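Please work through the exercises below with the sequence and the model side by side. Each task is followed by a solution in steps.

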Amino acid sequence: MVLGLLLCWSCGYAAALKPTCLSAQFRRPGDYILGGLFPFGMDTVNMTAQSEPTFVACERLFAEGLIWALAMKFAIEQINNSTSLLPGVKLGYDMHDSCFEPVVALQPSLLFLTRNGTTSIGVLCNYTDYQPRVTAVIGPHKSDLCLVTAKLFSFFLIPQVSYGATSEKLSDTEMYPSFYRTIPSDKNLVEAVVLLLNKFGWNWIAIIGSDDEYGRGALELFLSTAGNHSICIAFEGLIPSDLADPETKNQLEDTIKLINKTKVNIIVFFVFSQPARALLEHSIRMGLGKKVWIGTGAWMFSDIVASIPNIQSIGTVLGFIMKVGTVPGVKEYVADLFTSVQRDKFCQESREFNHLMKSDMLDTHCEQCDHISLHDISAMLTHSQVYPVYVSVYSVAYALHRALGCTHQACSKASIRPWQLLHFMNTFPFSVNGQNLTFDQSHNTNTGYDLVFWSWKNGTLTFLPVGGYEGSLYINKSLIQFHTEDQKEPTSECFRHCKPGQFRRIKGFHLCCYDCTDCPENTFWSPKDSSTCTPCLKHQWSPVQSTQCYDRSERYLFWNEPLTIALLMLMSITISLICLTAVLFFKNLETPVVQASGGQLNLFTLFTLMLLCLSSCLYIGKPSNNLCMIQQIAYALCLTGCFSTFFIKSLEITLVTEFPHCAPTFLHWVTQRRAWLLVALCLLTECLFCFCYLHLGPDYLLSDYQSLPTEVLLVCNTQSWLAFALLHGYNGCLAFVCFLCTFMVQTSGKKYNIARGITFAILIYFIIWIFFIAIFATLKTVLRSVTQIGTVLATSLGILGTYYIPKCYIILFKPDLNTVDYFQNSIKEEPEEESQ
């Protein structure tokens with residue numbers, strides 16, 4: 001038999017120079033059609049650039065997917081030739097390419113759902129009597145695809161039996177009531193891996209999954225299970241499954257660097273063959289060192305991985321593969337088929353069968369199948385897991401056998417709907433090659449796992465069984481030759497020393513797994529509790545990675561700061577200017593310019609301005625509750641004293657310009673000695689508001705521990721905004737009245753406009769306050785005090801510069817204008833002379 005098989009292989013290889021009709025072997029008519037979804041191809045073209053729902057092609061043939069499809073074909077033909085299973089009934093099949101892409105798998109899935117004999121899917125309220133094109137579906141292989149197609153088939157309750165999807169999500173029978181699988185779920189695999197780690201005492205590991213449903217699901221299950229078995233995860237990560245992405249190389253290199261940094265010796269690897277090859281190639285190139293790689297059947301049996309140059313240098317490979325039975329005759333069947341597809345007569349018959357299946361609706365998309373030989377897939381036939389596919393077909397056949405009420409002689413020709421098979425698949429066991437199997441409550445078949453070791457002898461790889469898992473784990477350690485420097489069993493325990501100032505951040509719920517993390521600011525590390533950082537007291541601070549706390553220093557505007565000295569110099573200059581102006585006005589008190597400006601009231605105004613400048617000193621030095629209160633009162637009273645004289649002068653201007661008939665009656669109330677009564681009244685009113693301010697809530701000292709990292713900021717904080725508004729709003733009202741009274745006053749070009757000086761002084765005051773509010777609200781440092789001093793000095797200089805300096809200029813440099821004629825009735829409107 002072996003010689004005959006080798007002869008068939010050689011004949012097939014020699015005849016492969018011309019195209020075959022292998023692509024026409026995936027469709028056959030029958031009484032009941034089974035759909036098949038297999039990954040004939042891989043590496044789809046321009047999936048991201050697809051802008052129209054057109055046909056999606058695959059670049060390369062996936063030989064293992066072809067073998068799975070041939071296993072389904074073999075099983076169906078074996079059943080059709082059986083005299084005990086479905087006697088007199090002929091099963092047909094319709095297989096299509098899934099290409100590892102949900103988008104590709106959906107197209108044949110929709111074809112399977114079409115009404116039998118048509119190309120349309122009926123939209124009905126009740127699908128009980130609906131007869132789709134297929135009775136059941138075998139496949140697809142990956143969990144990503146099954147999560148998409150299973151929802152589609154579950155709506156119609158069409159049995160779908162997968163031979164490769166392991167995601168635990170598919171065990172949800174409420175969401176996927178018609179989904180079955182002939183392999184264990186990831187939950188069983190994870191339990192086996194965890195028991196293996198415990199068996200060797202490995203509790204400090206890295207875990208890597210591919211960025212797809214299989215990798216993410218297995219990673220999530222492993223993390224939740226490992227925590228209950230005192231296994232600590234030093235590194236967990238996902239690697240891209242899309243190797244065409246330009247960022248894939250960087251992500252793989254970063255993963256290797258992080259693994260190397262953790263210094264773990266054990267890596268659990270939940271990936272498919274292509275991502276596994278990419279990561280292992282990078283680990284060899286970057287010199288990761290010899291590790292223990294715990295893998296799964298998703299990549300351990302792959303020739304793609306085993307053929308990596310210098311693959312032996314990665315270390316020891318252990319892993320679990322599903323415990324499967326053998327399929328007698330499948331290799332001979334495949335060899336005979338490859339010989340048959342070379343014959344024209346056989347190909348002609350195959351095409352006629354395809355024509356009966358109306359193959360023009362949707363091709364199988366396996367054009368590459370016609371250009372391969374038996375030699376190209378012979379190596380994979382040895383260890384390809386065709387058993388789950390074989391079992392999947394038989395599970396449907398047995399359910400159909402019972403649904404038709406078959407005996408050992410014949411079956412009834414009743415019309416069977418797909419949903420009618422579910423009852424028999426859920427409740428009855430079935431037998432495959434003498435092995436009794438059944439679907440559990442989650443529609444899975446837990447056949448157990450074999451523990452396989454990669455054994456290298458003279459450069460040849462052998463998959464050596466060293467144990468197994470069937471609810472419990474058993475291992476023959478003597479068969480395992482660890483590829484380490486000393487050929488001894490490696491250790492991988494969580495043991496790390498953190499530096500002083502670092503705490504152990506526990507990963508999971510076990511003390512053995514932690515990261516050394518720097519204590520953040522304002523916390524410190526204590527040897528009494530190495531698993532956390534102790535917060536500093538409110539009046540203390542600490543830098544990052546500190547072992548103690550330090551007392552915060554007080555921060556306010558110090559007298560010896562350069563900025564303070566600069567402000568004091570500006571204050572001295574301003575006071576000097578005010579004093580010089582006062583002296584100049586006192587010496588020229590009886591001159592027209594001084595009398596027109598207010599006479600003796602000017603000296604009072606300049607005195608309040610000087611006091612206003614001196615109040616700047618209240619903002620320097622260590623503040624207190626009393627000092628915070630005095631700051632606002634001093635500022636408000638000094639400004640009221642200044643604005644009260646402007647208010648008197650503004651009333652005088654208004655009486656003369658707007659109410660000339662009333663001026664003789666009321667003018668004496670705003671001039672001469674009675675004007676001082678109004679000044680006193682204004683100050684008395686402000687004193688009343690000061691009393692309200694003290695009663696409602698004066699400013700108080702606040703210790704701010706948040707604004708500065710190492711200091712406590714001492715600031716004056718507003719307790720009552722209503723009191724603040726009353727205190728300063730009164731001055732704002734006085735200023736606004738002055739502005740209204742003087743803004744529209746005009747004089748002849750030959751007369752001096754006293755009103756204009758008041759207008760500009762008030763405008764300066766308003767502008768300064770607008771900027772002050774905007775800046776003060778955003779500052780949280782000592783610059784708040786600087787802003788307040790700047791506002792005081794700017795207000796004083798603004799009033800001095802707009803109202804008094806022009807008059808000083810006339811006194812000193814324009815004495816010819818300091819005449820009674822120029823200032824007499826200067827506030828009275830006079831029409832300008834018409835130009836000649």
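This is a predicted model: local features need pLDDT of at least 70, side-chain atom pairs count only at pLDDT 80 or more; totals for chains, interfaces and linings use all residues.

Residues are numbered from 1 along each chain as its sequence is written, and side-chain values use heavy atoms, with hydrogens and water left out.

**Exercise 1. The sheet around β27**

Task: Determine the strand order of the open sheet of three strands, and state which strands are at its edges.

Solution. 

Step 1. Strands are DSSP runs of E with at least two residues, and helices are runs of H or I with at least four, numbered from the N terminus. Two strands pair if DSSP finds at least two bridges between them.

Step 2. Strand β25 (residues 553–555) runs parallel to β27 and is joined to it by three bridges. Within this pairing, Arg555 has Leu713 as its bridge partner in β27.

Step 3. Strand β26 (residues 700–704) runs antiparallel to β27, and five bridges join the two. Tyr700 is partnered with Asn717 of β27, and Ser703 with Leu714. Six residues lie between β26 and β27, which form a hairpin.

Step 4. The edge strands are β25 and β26, each pairing on one side only. On average, neighbouring strands of this sheet are turned by 30° against each other, direction ignored; the axes behind such angles are lines fitted to C-alpha atoms, for helices over the stretch in contact, and angles in general run from 0 to 180 degrees between N-to-C directions.

**Exercise 2. Salt bridges**

Task: State how many salt bridges there are, and characterise the pairs Asp94 with Arg27, Arg285 with Glu253, and Glu281 with Arg277.

Solution. 

Step 1. A salt bridge requires a side-chain nitrogen of Lys or Arg within 4 Å of a carboxyl oxygen of Asp or Glu. By this rule the count is 12.

Step 2. In the pair of Asp94 and Arg27, the closest N and O atoms are 2.6 Å apart. The pair links distant parts of the chain, 67 residues apart: Asp94 belongs to strand β5 (residues 91–97) and Arg27 to strand β1 (residues 27–28). Asp94 counts as buried at 0% relative accessibility, and Arg27 counts as buried at 2%.

Step 3. For Arg285 and Glu253, the closest N and O atoms are 3.0 Å apart. Arg285 is exposed, with a relative accessible area of 52%, whereas Glu253 counts as buried at 17%.

Step 4. The side chains of Glu281 and Arg277 meet at 3.0 Å, N to O. These residues are four apart in helix α8, which means that about one helical turn separates them. Glu281 is partly exposed, with a relative accessible area of 31%, and Arg277 is partly exposed at 23%.

Step 5. Salt bridges that share partners also join Arg27, Asp94 and Arg133 into one network.

Note on methods: Buried means under 20% relative accessible area, exposed over 50%, partly exposed in between (1.4 Å probe, protein chains only).
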